[in-house]
Amino acid sequence: MSDAARAHHTGRCLCGAISYEVRAPLRALSFCHCSICRRQHSHVGAYASAERDAFVVHDPQGALRWYRSSHDVQRGFCGTCGSGLFFDRATEREREVTAGSLDAPTGVRVESHIWVGSKGDYYEIPDDGLARFEEEPE
C-alpha cells in the first residue's frame, strides 16, 4: 500500500497550536496558480483532499480562523502563526489541506497544475508532464 493510500495522515501549523488528522486516504495533490492562492501562500498553493468528515481538528487554544476568500470558499488558518491549513468549498463534499502542513512522509504525489491561465508573470511552469488546466478542473 502506498503512503498516499494510507487511511491516516496528520499535520499541523507552524507554531503547533492547531493539529489535525485525516482519517482517509488523501487524493493526489494539485498546484493552484490562481491569484488568490498566490496571495495567500506568497506563491502557488499546493493542496491534497479527502472527504470533509474524515478531518479531525485539534485546536485547544481556539486558534483556527476562517477567511471567506470568495462566495463559496473559506480558508482555514492559524490565528497565532498565520499558517494556511484548509481550503473548504461549501458546495463540495471534500476539504483540501495544504501540502506543506502535512507531516512526513505524506506519500502524496502531484497530479496537476490548475488555473495556469492565472499564473504569476514572474515564473514559468516547468514541462513536468503533469496535467494542466487553464481553469479549475471539475
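Modeller: A residue is called buried under 20% relative accessible area, exposed over 50%, and partly exposed in between (1.4 Å probe, protein chains only). The model is predicted, so local features need pLDDT of at least 70 and side-chain atom pairs count only at pLDDT 80 or more, while totals for chains, interfaces and linings use all residues. Residues are numbered from 1 along each chain as its sequence is written, and side-chain values use heavy atoms, with hydrogens and water left out.

Most residues other than glycine have a negative phi, and most peptide bonds are trans. S42 counts as exposed because its relative accessibility is 66%.

W115 is also no glycine, and its phi is positive at about 55°. Its place is the loop between β10 and β11 (131-132). With 26% relative accessibility, W115 is therefore classed as partly exposed.

A positive phi near 85° is found at G16, in the hairpin of β1 and β2, where six residues lie between the strands. These two strands run antiparallel and are joined by four bridges; strands pair if DSSP finds at least two bridges between them.

Finally, the peptide bond from A104 to P105 is cis, with omega near -5°. P105 sits in the loop between β9 (94-98) and β10 (110-114).
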